[in-house]
Amino acid sequence: MVAVCGIALSSSAACGASIRIGDQPSGGPSCPARTDSSPDRLNGALLLTAQSVPSAGLVPCLRPLPAGWSYQRLDARKGRARISLDFEHQGTHAMTVTLTRDCDVREATEKVTDQPGTHRYERVDEVSSGYRGERHYVYGGGCITYRFDLYGSRGEDQIAAISPAIGFVDRSVVRRYVHDYSDGHFELDPTAAGGAG
């Protein structure tokens, strides 16, 4: 069970009050279909991703994946959330999407960003058998890093195919979802809701 507590989201029910939002996430942090309405249900994986880095104003999420790609797992812990994707059974690290508070972009080149409110940096390793590299989206309070490790001649084509399937949802939307879904009984960021901290 994923529980929304008075001050935290947890994979245990060790809080005084909780609301059940589903079993342990298995489908990945899904992007909300609409951000202008209250949800009929909460996506536990998206909430765990948001909670892992409380400073992050943007949270990575998944749209429907293109052919050949599949979601493998979410590893969310304090200070980091990592989404692992597989491409045609190349392994769970064909692509990872990692949310952290900050990241090292010293050896990366700044590019024109395709995500509003972010700075984009890229670093590509020269690999004769495929494509390996990193893309960083840096913004106040967070960094979202794509790590690619693809084999074969179609690496760049597959990066172009998978990139639109990774979305960023504003933290305020996730915060409102928790508030509305619980009728104001629970908050994603209680200190922000209370005006303290």
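Which residues have the most contacts inside the largest nonpolar core? In this predicted model, local features need pLDDT of at least 70 and side-chain atom pairs count only at pLDDT 80 or more, while totals for chains, interfaces and linings use all residues. Residues are numbered from 1 along each chain as its sequence is written, and side-chain values use heavy atoms, with hydrogens and water left out.

The answer is W69, L85, M95, I144, Y146 and I166, in a core of 28 residues. A nonpolar core here is a set of buried Ala, Val, Leu, Ile, Met, Phe, Trp, Tyr and Cys residues joined through side-chain atoms within 4.5 Å; buried means under 20% relative accessible area, exposed over 50%, and partly exposed anything in between, with a 1.4 Å probe and protein chains only. Among the elements giving two or more residues to this core are strands β4 (69–77), β5 (80–87), β6 (95–100) and β10 (142–151), along with helix α2 (155–162). Helices (H or I, at least four residues) and strands (E, at least two) are DSSP runs, numbered from the N terminus. There's also a second, separate core of 13 residues, which includes L42, C61, V174 and Y177.

Setting aside neighbours within four places in sequence, M95 is in contact (heavy atoms within 4.5 Å) with W69, I83, S84, L85, Y146, R147, F148, I162 and I166. In soluble globular proteins, nonpolar side chains tend to be buried together.

Helix α1 (residues 44–52) is worth a look too: eight of its nine residues are buried, so the helix is largely enclosed by the rest of the structure. The buried ones are G44, A45, L46, L47, L48, T49, A50 and S52.

Now for the cysteines. Searching the whole structure turns up two disulfides, where a disulfide is a pair of cysteine sulfur atoms within 2.5 Å. One joins C31 to C61, with S to S at 2.1 Å. C31 sits in the loop between β2 (9–10) and α1 and C61 in strand β3, so this pair ties together parts that are 30 residues apart in sequence. The S-S torsion is about 95°, so the C31 and C61 disulfide is right-handed. C61 is buried, at 1% relative accessibility.

The other disulfide links C103 to C143, S to S 2.0 Å. Its torsion is about 80°, so this disulfide is right-handed. C103 lies in the loop between β6 and β7 (109–111) and C143 in strand β10, so parts 40 residues apart in sequence are tied together. C103 is partly exposed, at 26% relative accessible area, whereas C143 is buried at 0%.
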